Each structure stands twice: as structure tokens, then as C-alpha cells.
Amino acid sequence: VSLVDVMGGVNFDVPMDMFYEDASQDLYIDLKEGMQKLNGKDAMGLVRFRSGYAMADLERVNVQREFLSACMEQWLSLKNAVKLPSALSTLTKATTDNLSTGNLIWMGLAGWHIGVGNIESITLPGRAEDRSGGSYYVLDAERVADTVNEYCNPYEKDVDVSDLNIAG
């Protein structure tokens with residue numbers, strides 16, 4: 001929320017009317033379909049919304065990817081360079097990791113250098129299942145190994161299912 005606000009919002013084409021309330025989570029989403037500039041609160045509602053999609057969580061993941069792509073496209077520009085120190089400060093206060101400021105700057109510069117159009121994101125293969133009263137996305141270990149080998153294995157030896165730690 002804070003990062004979106006520090007960067008001045010995000011222009012995004014909301015795919016459908018989104019309305020959801022859950023007082024127990026202090027979650028209130030009320031967005032209209034169409035192109036608009038989202039502030040941090042509305043952006044959080046967008047990326048958390050799932051109840052109106054035919055594919056629920058899987059469609060939410062697609063919207064999250066599109067939103068992150070829009071953020072990168074809009075924020076990784078020379079005109080936003082003056083906002084980067086504040087953005088970096090906001091990011092480090094809101095996250096827990098073991099990355100140095102130099103690591104974060106390197107990742108941001110790498111993203112800018114690569115270009116948004118050259119970043120690919122995929123969903124690991126699996127299926128939705130109802131278990132113990134909840135809906136879960138269960139990974140297909142063999143197809144995950146194939147996906148890892150195809151998209152992100154820099155080694156000569158392929159990753160095997162036995163190399164993965166996937167709960168069944």
C-alpha cells in the first residue's frame with residue numbers, strides 16, 4: 001500500500017467490478033471496471049480480490065501479474081528516479097529479508113535494464129482441489145520439474161522430481 005502511494009499510484013485497467021467485504025479482516029474492496037489510477041488501498045483490494053472470478057485464485061494470480069507488470073512499466077522510468085530513494089526506504093521498512101540496500105538497488109537496475117517486456121511469469125502446473133473444507137492448488141511434481149528445466153535451470157543436469165520438495 002505504502003509503496004504504491006509513494007510512487008504516485010498505478011494506472012490499471014480493472015477487469016471487472018469488484019465488491020467484497022470482510023470485517024474480520026478489515027477488508028473492503030469496491031472497484032469499478034475500467035482504466036483508472038489506483039492508490040495503495042485500492043491496489044491492495046485489486047490484488048486480493050478473488051470471489052468474482054470463474055477461476056478464483058488462478059485468475060487472481062493473473063491479475064496480480066498484470067498489476068506488477070504495470071507497476072514496473074510505470075515506475076522503472078527516468079522520470080520516477082527521484083522517487084526511488086523514498087520507494088527503497090518504504091520497501092525496506094515493510095519487508096523482512098536479508099538483502100542489502102545494494103542488493104535491492106541491483107535488482108531494480110536489473111529489472112530496468114532487462115525491460116518489462118522481457119520478463120516472463122508462469123503458473124506452475126497443478127490442479128485445484130477441495131481438501132478439509134478448503135480449496136488448494138496442488139502442484140503436479142513431474143510437470144513442475146519439466147517447467148523448472150524449461151524455464152529456469154541453468155545447469156547441464158536436469159532437475160528431477162526427487163530434487164523438489166513438494167508436499168502432496
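User: What do the buried residues of H6 pack against?
Analyst: They pack against strand E6 (134-139). Contact here means heavy atoms within 4.5 Å. Helices (H or I, at least four residues) and strands (E, at least two) are DSSP runs, numbered from the N terminus. This is a predicted model: local features need pLDDT of at least 70, side-chain atom pairs count only at pLDDT 80 or more, and totals for chains, interfaces and linings use all residues. Residues are numbered from 1 along each chain as its sequence is written, and side-chain values use heavy atoms, with hydrogens and water left out.

User: Which residues in H6 are buried?
Analyst: Val144, Ala145, Thr147, Val148 and Asn149. Buried means under 20% relative accessible area, exposed over 50%, partly exposed in between (1.4 Å probe, protein chains only).

User: Why does Thr147 count as buried?
Analyst: Its relative accessibility is 12%, so Thr147 counts as buried. Thr147 sits in helix H6 (residues 141-151).

User: And what does Thr147 touch?
Analyst: Ile122, Leu124, Pro125 and Cys152. That leaves out residues up to four places away in sequence.

User: New topic. How many residues are in the largest nonpolar core?
Analyst: There are 21. Phe12, Met18, Leu38, Leu46 and Phe67 have the most contacts inside it. A nonpolar core is a set of buried Ala, Val, Leu, Ile, Met, Phe, Trp, Tyr and Cys residues joined through side-chain atoms within 4.5 Å.

User: Which elements give two or more residues to this core?
Analyst: Strand E1 (10-14), strand E3 (27-31), H2 and H3. H3 gives the most, with 5 residues.

User: What does Met18 touch?
Analyst: Ile29, Asp30, Leu31, Leu46, Phe49 and Tyr53, not counting residues up to four places away in sequence.

User: How many aromatic pairs does the structure hold?
Analyst: It holds 1. Phe12 and Phe67 pair edge-to-face, 5.8 Å centre to centre, with 70° between the planes. Rings of Phe, Tyr and Trp (its six-membered ring) pair if their centres lie within 6.5 Å; planes under 30 degrees apart count as stacked, over 60 as edge-to-face and the rest as tilted.

User: What does that pair tie together?
Analyst: Phe12 lies in strand E1 and Phe67 in helix H3, so the pair ties together parts 55 residues apart in sequence. Phe12 and Phe67 are both buried.

User: Back to helices. Which residues of H2 and H3 meet?
Analyst: Ala43, Leu46, Val47 and Arg48 in H2 meet Arg60, Val63, Gln64 and Phe67 in H3.
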